[in-house]
Amino acid sequence: MSGLAKVVSHRLFWPIVMLLVLFAINLVAFPGFFTITVRDGQLFGSLIDILRNGAPTLIIAVGMTLVIATRGIDLSVGAVAAISGAVACSIILGSPEPGNLATVAVAVAVALLISLVLGVWNGFLVAVLGIQPIIATLILMTAGRGVAMLITEGQILTVNSPPFKFLGSGFWFGVPVAVVIAAVVFGIAALVTRRTALGMLIESVGINPEASRQAGLRARGLLFAVYTFCALCAAIAGLILTANTAAADANNTGLFIELDAILAVVIGGTSLAGGRYTLFGTLVGALVIQTLVTTVYTVGIPPIATMVFKAAVVTIVCLLQSPTTAASISGFRRRLAARAGKGLAAS
Amino acid sequence: MSNVTSENTAVPRSPVVEMRGISIGFPGVKALDGVDFRMFPGEVHSLMGENGAGKSTLIKALTGVYGIDAGTITLSGAQVSFSGPAQAQAAGISTVYQEVNLLPNLSVAENIMLGREPRRFGGIGWRAMRRRSAELLAGLGLDVDPGSLLGDHSLAVQQLIAIARAIDVNAKVLILDEPTSSLDADEVAELFRVIRSLRDQDVAILFVSHFLDQVYEICDRLTVLRNGTLVGEYLVEELLRIDLVQKMIGKELTTLDDLEQRAHAVVVDESDAATFVSASKLGRRGAINPADLPIAAGEVVGLAGLLGSGRTEFARLLGGIDRADTGELTIRGETVRLRTPRQAIARRIAFSSENRRDEGIVGDLTVRDNIVLALQADRGWFRPIPKKKQDELAQSYIQALNIRPGNPDALVRNLSGGNQQKVLLARWLAIAPRLLILDEPTRGIDIGAKAEIQKLVFNLAENGMSVLFISAELEEVLRLSHRVVVLRDRHVVADLENDGLTVDSLLTLIADGRVASDDEALAEIEPTPTTQGGTR
């Protein structure tokens, strides 16, 4: 019983249950849900689709997790994704050889470099000027789309470049490239923050900035680092999204993805108040969100009800995770146990 | 409120609060085990015990913050069961907690009336709110604009505002948890005046404090707890201090006496040690006027002065917490400008803040993480301290400082105040400081932990570490320091060898006796050269 209670009280218990429930619903609606087939040496199946379509959200959510751990938030990730897509596409389009690997490499490198600049900008506003993160990143969130629009000159830039398209819809040893990239980003973030002291220092700044400063932490440097990393993640996600459709759309690339990313972090159990974070939780959160989208299609929920369905599921997850719910559930269990105890005593 | 009669002093009437057989358990700990507790109207009661004795838990049981596992609570003869502090407050039990739990970004008036705002046409009656707050503040003798932001006031004033807030509720029972820990002598006297007047109105007051003097001054009755169990209930006038201390800690207290003798032995040894750090005309506008302070290796220098005298402000300059705008600092002959705490730490100067909660602990991190934090920050993030080394560090400090619970994975916010303080000490000791600045390290912690920390300061100094020690308790300053620097009104007014100094002589220096309101008397001391004894 106490072992079970421990499992139930784990902060990832309900998100994982939610994920399993969604899987079960899918399985009922579509018996072949778990089937993974190999076609032309490439993996296919619903689960693979979930991983591939969820990759951009996951990548951004990884960066967002670290930002949130410092008590911050980054609303500009969608705009940064749009800018990086626009930059890459305009470079490829402007090149005489759009299909050349070198061209694509340059385009990707420039897009990522620009995202670093954008991240430093966010970090500057938050760490140096001391602007509240939600306001600071709101600036780039709105301005960023405008910048992307200027880069694309208001057009949807369609590129015909196989190496670029490979990033979005290619396969690498049978695994979608987007999934590989997400795994690498996730792995590097987990490794760098948990194998070094970076994660602990980030949490410390998020929990108590002044105590951290007095303990000799370079809070400013850490903030620059996380906002820059988050922007880099956003740019990577933007490249995948753009490559997938082979088109840069300043208005719609990564639209509302910041909300999905924040949601993934929160579902994963990292508090918006900053402090302790869990990248694995974020992974589960991102999977829940993407599975939800897939479920909508497999179960055949009419498109007009999609948003309401999504909202309902998110509400349930948040309710299950709230401390108040946890307290009332444990109170209920205690009363049950007390009643059972009394019954025993009486008999 | 019942009328005030001579009945006050009559034989004990029925208690207003009666708790019987209270037990509360937390995962892995039994915080309270069958404790009885009662309070009488028109009496000031004290709850005494070491950290972890269960004082806070008992208070939280009474105020409905914690549910009880067993036992009964009776208020004015009727059995009650509160599901939260709001219910307890509605029933007449008001609390002011140790740490100020108010909202710094709201006005003083809003803080005082929060949750009970006067209504007008369905909205808030701002004018009535201001008037009522102003009355309450005036009743406390506080010259505070009700419209000003709470966060703009000092911790001491915030504490008094918290008390004003509690008094506003028509309280039958007023609980003050360490209310004086951030107050100076004047403010304490003021608070006591208020407590006495409330007592005379038949309010039952629970006064929890680690200051024995204050307990003996204000309290009528006290209850002693130890390790979650009841030791007994006593009338204050019938219990000798030494007996009380023994009941609280359950053993004879000899550590303090030991120190006294050793203190003076060391003074002689260290008199010719090299100067480690020296401040010269170091100052910061609005905080501390330029002052000199040399500290030798292995020397313990005490800073004495009232709250706001500049003692903390001066220490913060030495620790790199705030930047000095005049003067210079010399560390082992090298002139440095400390711009951040990080730079001070790199030169092995550690500053332990008096504000444990906001500037000290990182509550949601573990004991281990808190201990290695400064050391890790100093090494840089890419050179993590190996897990095994971290565990060794944590274990060794947990043992050396007797940190309880001795679990390196426990979250620091779940530890008692004294143990949090020890974790902070461990954090600073882990960087092997040459100068350790301790700002009120023993505030709000029990006598046992206090003795342990004092002893530690001693051993450190013997091993060549310099210590700058700040405490509101002059006895403590005198017991520990080789030299005492006295501050008043942001000036250093004296720098004295601790040789025959007494509390009385220090008090005379700090102010003209305890009542420092007499400006003329202060002016007489004023001409004292501000840097007397600055160069040795």
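Student: Which domains does the assignment give for chain B?

Tutor: This is a predicted model. The assignment for chain B gives domain 1 as 16–92 + 170–249 and domain 2 as 101–154. It also gives domain 3 (255–348 + 433–525) and domain 4 (363–431).

Student: What separates the centres of domain 1 and domain 4 of chain B?

Tutor: The centres are taken over C-alpha atoms. For domain 1 and domain 4 of chain B, the separation is 32 Å.

Student: Are α15(B) and α16(B) roughly parallel or roughly antiparallel?

Tutor: Helix α15 of chain B covers residues 417–430, and helix α16 of chain B covers residues 447–462. Their axes lie 11 Å apart and meet at an angle of about 15°. Angles under 35 degrees count as roughly parallel. Therefore α15(B) and α16(B) are roughly parallel.

Student: Which residues of α16(B) make the contact with α15(B)?

Tutor: From α15(B), the contact uses B:Gln421, B:Lys422, B:Leu425 and B:Leu429. The residues of this contact divide into six nonpolar, one polar and two charged. On the α16(B) side they are B:Ala449, B:Glu452, B:Ile453, B:Leu456 and B:Leu460.

Student: What is the handedness of the crossing of α15(B) and α16(B)?

Tutor: The pair packs at about 15°. The crossing of α15(B) and α16(B) is left-handed.

Student: Is A:Ala182 buried or exposed?

Tutor: A:Ala182 lies in helix α8 of chain A, residues 177–195. Beyond its neighbours within four places in sequence, A:Ala182 contacts A:Ala55, A:Leu58 and A:Ile59. Its relative accessible area is 4%. Buried means under 20%, so A:Ala182 is buried.

Note on methods:
Residues numbered from 1 in each chain as written. Chains lettered and ligands numbered in written order. Predicted model: local features only at pLDDT ≥ 70, side-chain atom pairs only at ≥ 80, totals over all residues. Heavy atoms only, no water. Axes fitted to C-alpha atoms, helices over the stretch in contact; angles between N-to-C directions. Helix = DSSP H or I, 4+ residues; strand = E, 2+ residues; numbered from the N terminus. Parallel < 35°, antiparallel > 145°, perpendicular 65-115°, else oblique. Left-handed = near helix turned anticlockwise from the far one by under 90°. Contact = heavy atoms within 4.5 Å. Nonpolar A, V, L, I, M, F, W, Y, C, P; charged D, E, K, R; others polar. Domains from an automatic or database assignment. Buried < 20%, exposed > 50% of the residue type's maximum accessible area, 1.4 Å probe, protein only.
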